[in-house]
Amino acid sequence: MLELTGVSHRYGAAMVLKEISFGVEAGEKVVLLGANGTGKSTLLKIANGLIAPSAGQVRYRGEAISPGALRNAARNRRFRGRAALLFQNPDAMLFNPTVLDEIAFGPRQLGLADAEERARHWAAALGVGRHLDRPPFGLSGGEKQKVCLAALLVLEPELLLLDEPAAALDPRSTGWLVDFLAGLRCTVITTTHNLSLAPELGRRALVLGEDHGLLHDGGVEAFLGDRERLLAANLMHIHRHRHGLVEHRHFHVHDWD
Amino acid sequence: MNNPFADPGARRDRLALLAYALAVLAATLVHDPRWLAGGLTVTLLLAGSGAGGLLSRVLRTVLPFNLAVSMGYLMLAWLRTEPPWQTLLLLNLRVLLLTAITFLFVRRVNLFRALGFSRSLTYLLGLAYSQALTFRRAHEDFRLALVSRSPRRPGLMDRYRVSAAAASWYLEKALAAARESAQALRSRGFFDA
């Protein structure tokens, strides 16, 4: 479904992604892991055709995807209706006067006659139905995240790219999100640096290393059990611990959020 | 402690800062369009092979502002039956010159090194710079989010709404960040006598 081949990217002199290649099949749930600054967000933006990679190619269902390729109106309409990206900062996605307008934005753009009905359905599914007449800007971080998700799911995409979706959520909402995503039938790629959440978000892990290359492409559990790779990815560290009166040092991981 | 004046690069940047301050002062005090045009020519010559790019960036930056102000002035002059050309020429040349000097200065000079003689100014520059970087990243995200959510080319109204939402977000974040920065500086004794 989605195929990245030799994707590299630079911001000026800084290397952000180095020769990333992988494919994702329809229906897969993939977790994209990596320490801060390893290029996870950039990779999702490239996969969503928002940024042209410095080198390499992205293909979605066989069609080349890049800002240039998506200048073709028909291809853009086709791709944007099928692949959706949830930004790490939900505020960046909200600009309509009410939650209803926000969620109905995509369907209205496509000229769907039942845009409002769809928006109400997804608002209810995401638990933000009571906010439909409110401006989205005044909602809490978790509610904004849900409105953004509803605004993407309303188009019933085949591919959902989620950039740190749990970052703005409290523990209860995070639990809700995990359950909600598990129930979705579409293909999902989720970035996180919260290792405890990773096995809940997918069976397959793509891990970006500090050299911005792909360090691991395989099972989540296999990666989490591999101390050498966790250290190489800067997702595990060592420091002093106290267990009652005993103090010692050992390697371990933290939940970051 | 290192002497910041001993570093030749720092000395060069500080001299450039002084030259920039004098150039800005001169550009605001001079009222002869020929001098302003001369200043603009010298600035472009100093830009060397990047002159074309600099001029294009300056024009793109000032065009909306200059166009709006010039149109307003033209209407006013027409109502008063005064010839507007001298003032319009002066105004546009001055804005072009000030913007070109500033862009060239920012491109060529390491501001942190130039302000290295003052702890306070370096702190303030650091705060301003970190906020500028945050906002630049956020601005890009607002733009890309609209593209990502739009199966069709977004309309003018959608773009206005995104701009308004972004402006409101920037203001809110800037206020919060300024409050927090002031608290951080206070906590580190910056305001102590």
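**Figure 1. The area buried between chain A and chain B is about 2000 Å².** Carbon and sulfur atoms give 56% of this buried area. The model shown here, as in every view below, is predicted. In chain A, the residues that lose the most area to chain B are A:Phe95, A:Phe105 and A:Gln109. Together they make up 30% of what the chain A side buries. The contact takes 26 residues from chain A. Chain B supplies 18 residues.

**Figure 2. Two salt bridges are found across the interface of chain A and chain B.** One pair to look for is B:Arg149 with A:Glu102. The closest N and O atoms of this salt bridge are 2.7 Å apart.

**Figure 3. Three helices of chain A each supply at least two residues of the side that touches chain B: H2, H3 (99-109) and H5 (141-153).** Which helix gives the most to this side? H3(A) does, with four residues. By type, the residues of this side of chain A divide into 15 nonpolar, six polar and five charged.

**Figure 4. The largest pocket has a volume of about 1000 Å³.** Its lining holds 38 residues. Those nearest the pocket centre are A:Ser41, A:Thr42, A:Lys45, B:Arg137 and B:Asp141. Several elements give two or more residues to the lining. From chain A they are strand S2 (14-24) and helix H1 (40-47). From chain B they are helix H6 (119-148) and helix H7 (156-187). H6(B) gives the most, with twelve residues. The lining residues divide into 15 nonpolar, 13 polar and ten charged.

**Figure 5. The second largest pocket has a volume of about 720 Å³.** How many residues line this pocket? The lining has 25 residues. Closest to the centre are B:Arg143, B:Val147, B:Arg153, B:Pro154 and B:Arg159. Helix H2 (73-82) of chain A gives two or more residues to the lining. So do H6 and H7 of chain B. With six residues, H6(B) gives the most to the lining of the second largest pocket. Sorted by type, the lining residues are 13 nonpolar, six polar and six charged.

Methods
Residues numbered from 1 in each chain as written. Chains lettered and ligands numbered in written order. Predicted model: local features only at pLDDT ≥ 70, side-chain atom pairs only at ≥ 80, totals over all residues. Heavy atoms only, no water. 1 Å grid on protein atoms, 1.4 Å probe; cavity = no way out; pocket = protein on both sides within 12 Å on 5 of 7 lines; lining within 4 Å. Points joined across faces, edges and corners; volume = space filled by probe spheres on them. Nonpolar A, V, L, I, M, F, W, Y, C, P; charged D, E, K, R; others polar. Contact = heavy atoms within 4.5 Å. Buried area = accessible area lost by both parts, 1.4 Å probe. Salt bridge = Lys/Arg side-chain N within 4 Å of Asp/Glu carboxyl O.
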